[in-house]
Every structure is written in C-alpha cells, then in structure tokens.
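Open the model in a viewer and keep the selection panel at hand.

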Amino acid sequence: MGTWWGNLFGALLLLASLATASATAAALRRARRAMTAGIRPPRSPEQRLDLYELAYLHGQASRVVDVALLRMHRGRRLTARRTAVDRVELRPSGRGPRDDVETMALDLMAGAADGEGGLRWPPVFGDGHPRMRALRDRLVLDGLMSDDNFPLGVLRRSPATQRWLAARNRHATVVRWLPAAAAAGVVLAVAAHAPLPLLGYPPLLWWARAVRERAEGAFAQISVTDAGRAAMKAAERPEWIRPDESAGLRDLAVHGLVLLSARHPLRLPEPPRRADPPPRPEPPREPVVIYEGPGLGGL
C-alpha cells in the first residue's frame, strides 16, 4: 500500500474515532443540561422543617423511626417493654398511629421483629420504604441535602439522571476503546509508511479522557447542604416548636436516643463492661548461686 493510500485510510480511521467520541460527548452534555434543568432554588431557612425532616437531616432514616416511635410512646399510643439489654417489645395501643410516618415505623418494626415479637434495639433502617424515600426526595429537591453526590436538587433515581448516567457510560466505553483505534492506526502507519494521521491521536485521547473525568468527578461530596444546615440551625430557636409538639421531641430529633434516661424502655443499651484482665503470674525466680573459690593453698 502506497503512502497516499496509507494517509487516506489513516485519516479516515482518525475521523471515525473523532466523530464517535464527539457524538458521545455531545450526548453527555445534552443529558446533563436536561438533568439540571428542573433544579429549583433551595428552600429558605424561614420555611420551617417538620419534625421528621429535622430528624432525617440529623440522623437519616433510623432517626426518623426513633422519633416516630417516641412520639407514639409519649402519647400513650405505643407500649414498650425491655426484654433484654438490647431487645425491646413494642405493641400499639390506644388510638394507634396518627400519620403515615408512624404507620411506616410500625410496619418496619413488625418486619424486623422475631417470632416472639421481640426487636433488637436500637434498630437500623435505610431508605427502602416508599414513605422514607419520599421524605428523602423532598429534602433533595428542596436543596437541603444531596443525593449520592449528584448536583443539588437532582434525584439519582429520576429519569433524567438515569439518561445522564447512560450517556456517561457510553462515553466511558468509547474512551476505553480509543487506544485500540490508535493501535490500529499505528499498525496501518507502519505497514503503509504513512505516519501523518498518528499526530491526531494524542490530542483526541487527551480530550476524550478529560470529558470523561469531568463527568465522573464534577460533583462535590455533600450530604447536608448549606441551606440544610441553615434550616437545622433555625430549628434550634424556641419559636420553632409548635403547640402540639414538645421541645423534647425536637431535641430527640437532633441528638437521638442518648437523651433518654437510664430507666426509659427505649434507651440505648449500655456498652458492655470490660472485665479486668486476669493477673499475670510472676516469672519464676532463678536460684542465686554463690561460688566460693578454693582457699589459700588450694586445699
């Protein structure tokens, strides 16, 4: 193959690689614009958090369940009995739950209880329940917390975010295959004595990898945002407490079960006491040998 044909086929291979990488990069930019198009301004700190939102910002899903159960227990709508150091028995009583979060907490408790109705305390829950996901989604869309390090106000499981993830994966796949195209270009250049098209591969590889790295590391690792911290700070004011709620429930949402007294059935279990180590036996003493040399004269 002559040099002219080698340059032509090498240029066509380079243009095909450039066109493929450019197409996936453009699709990635469009998907990002669509993902961030619906972001709204963060919620103002003057807009009051409810009790469960405050609990989630401080302690995630498990804190929300704790607050709901303590609220029912204080309202005599839930009986709690300590059956072991780290186990409790919970039974609804009276009028039962009065909102969907309390209903969710009872459902989670029933699912985590053993055959005898006992429950390991304190329980640990995630965001698997639909009501808990709705609470988290509301905080994310209001700009009070981020969803798995995505842009503020963007839900990871939204359709627009899923399309952006798919576009990012497609571009990453193209970037992984670009070195193979460059290797094919090298083989073609050696066989045809046409090295000119090889000059385009270094900037192409650098640009495509830069686009991939920006897509993978563009979002800061934030859990609670500045707006969320401002709302949490506003909840410390006395006027935040509504007439039908108590300061104790607010403090519980902020600090958790550590505030409960040692006699409360839903208190945190005491850490096991460390026993004193057994005494170490003294090492045996070696007998002292006194050597007396021979007397004068050798006898």
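How many residues does the hairpin use to join S1 to S2? The hairpin runs through 2 residues. This is a predicted model, in which local features need pLDDT of at least 70 and side-chain atom pairs count only at pLDDT 80 or more, while totals for chains, interfaces and linings use all residues. Residues are numbered from 1 along each chain as its sequence is written, and side-chain values use heavy atoms, with hydrogens and water left out.

Select residues 78-84 (S1) and 87-92 (S2), which pair in the antiparallel sense over 6 bridges. Strands (E, at least two residues) and helices (H or I, at least four) are DSSP runs, numbered from the N terminus; two strands pair if DSSP finds at least two bridges between them. Leu78 has Pro92 in S2 as its bridge partner.

Now select Val64, Leu69 and Leu90, the residues with the most contacts inside the largest nonpolar core, a set of 48 residues. Such a core joins buried Ala, Val, Leu, Ile, Met, Phe, Trp, Tyr and Cys residues through side-chain atoms within 4.5 Å; buried means under 20% relative accessible area, exposed over 50%, and partly exposed in between (1.4 Å probe, protein chains only). Elements giving two or more residues to this core include H2 (51-74), S1 and S2. H2 supplies the largest share, 14 residues. A second, separate core of 12 residues includes Ala31, Val154, Leu165 and Ala167.

Finally, select Phe9 in helix H1 (residues 3-36). Phe9 is partly exposed, at 40% relative accessible area.
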